[in-house]
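Hi everyone, thanks for coming. Let me put the model on the screen, and then I'll walk you through a few places in it.

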Amino acid sequence: MIVINNDDALPDLAAVLIGRALWRYRSELAPPYFAVTLALGGAVLHITNPQWWPYLLTVATVTAWALALFGERLGLARHGERLYAALVAMSAGSWLAAATALGIAHGPLLQVLIGGCIVLAVPWWAHRRRRAKVRVDRQMAAWPEIAQSIGLSGSRVQSALVDVWGWRARFALARGQTIQDVIGKVPAIESALGTFRGAVRVYPTRDDKANRFELRVLNTDPHADAIPWPGPSVTSIGDPIDLGPFEDATAARVLFLRRHGLIGGVAGSGKSGGINVLMGNLTACPDVVIWAIDLKRGMELQPWASCIDRLATTPEQARTLLRDAVAVLEARAASLAAQGRRVWEPKPDMPALVLVIDEFAELAEDAPESAADTDSIARRGRAVAVTLIAATQRPTQKAMGKGAVRSQMDVRVSFRVRERKDVDLILGQGMLNAGWHAHTLNAPGKFLLSAPEHDTPRRARAYLLADETVARTAQQHAGIRPSLDQVSLTAIEEAQAGLPVVTAEPTPAQPATPLANGPETILWDMLTCAPDEGTPVPLLVKATGMSRPWTYQRLRELTDAGRVTQVTRGRWRAKNDHSQ
């Protein structure tokens, strides 16, 4: 008896319920389905065409061979999967050929079919990707109900794919819905799908349509453990540097040539590890000269000292280094203009210059007068291959000195931040609302990368370099480090010569070194006959026929001996008491 009231629907028939169950669990029941199909096929073929058994055996052999060799093209990525498919094909074909020739009731054929089905079904039932695909299919089938419960009614699934770490699916949104609506509902999606917190990612689709989005769900965190550094990924500054893997196992590669970089994150978030990865790759490039500023007395960058051309650990050294970098920038620009060229192409004899500044906020506080130099490098350094890479905890306006420095940073790497507003400080205004949630990164070394080639928020984890790895890498790369080109060296010498020089009067214990004949005699004559405003260095170089470095070296020696003086920048003359 069935009692029906006004609100109840008629119950489903038993056959309907059984049919739904057979369809819902079709993946788990695939081996029995296949065995039944073989039995029916063998019975029909035995009655109609028993002479076909050699052809069936030949087809089974060729199919098994093709699956073993070319199964990867059909999605069988692993060697074990291809061998399993070949074994099933050969076993099924052999049994079908025997059943066609003899009949399924002959001897133990039926028992062999049942036993083989059970044995070969075990790998199928235990296969991880198959089970994952079944779960995804069922979740996608339930998406209309999920969408309605989380406020995305009308959205629909277009495709789904299971990968190594989880699955991803492409969705179409209803009219009026955007990807921003989906980003705001990520916690609700995680709850509806039954995943762990932080497992859901939302990205724009590759066609960048406003009514589409891609959903990625992680079953396990691929970045749960530290990832050892595999070694340098580049041999030239013109190659993209691999900072670490994304969650889909692809490399987070980014180009630093003609781009300035900003690395941010709270203490303990992994900034130092990211700088070590960067240094390990830069030191492997024979077309890069590295200058570094570490105002923590070299605590972070000192292990790389053998590969760093200049390392500043005090505010005074930092000011001098940045002033020299600006001189290099200007000299290279003048050299390019004279040659009719627009960009400096790094080579081992004409290397790029990369300035790595750890804790940039300390520089702005201890050497505020250097802000003009960092601003100049940020604005004009790209074309002449002078690159600035700054690391700091919070790149505020005060910490960055001038606004032009932060605005010129094309590459932004954000490790974990404590406050949501710090996301926009590091990655740029509006990035938090666009889904760049660096405040949710939950382990040291995890970061978000924003660059021209990386415009979607994808999590990555920086490689880990142990202290022993850093020491070994620095020792290996020390022998390939280049020196600056002559244009840059000359500019540095001129810049240093233009600084105020403090000289001391000679004492009887410091007799003047006698001058040799030739260019040094001409140099001395030019200095003793110089007017009160001094003789310019280019005129001294032309008169002696020697190079600028040689001229500056002699001028320093004579200055140390108390025989010459620098009147103004670039102009020298002998002291009055030595002119007789």
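Let's start with P232: beyond its neighbours within four places in sequence, P232 is in contact (heavy atoms within 4.5 Å) with G280, N281, A284 and H477. P232 is found in the loop between β4 (212–218) and β5 (241–245), where strands are DSSP E runs of at least two residues and helices H or I runs of at least four, numbered from the N terminus. P232 is partly exposed, at 40% relative accessible area; buried means under 20%, exposed over 50%, and partly exposed in between, with a 1.4 Å probe and protein chains only.

A quick word on the ground rules. This is a predicted model, so local features need pLDDT of at least 70 and side-chain atom pairs pLDDT 80 or more, while totals for chains, interfaces and linings use all residues. Residues are numbered from 1 along each chain as its sequence is written, and side-chain values use heavy atoms, leaving out hydrogens and water.

Now, salt bridges: with a side-chain nitrogen of Lys or Arg within 4 Å of a carboxyl oxygen of Asp or Glu, the count comes to 20. One of them joins E453 to R259, with the closest N and O atoms 2.8 Å apart. These two are 194 residues apart, E453 in the loop between β13 (446–450) and β14 (459–461) and R259 in the loop between β6 (251–254) and β7 (260–264). E453 is partly exposed at 37%, whereas R259 is buried at 15%.

Another pairs E316 with R319 at 3.5 Å, N to O. Both sit in helix α11 (residues 315–339), and because they are three residues apart, about one helical turn separates them.
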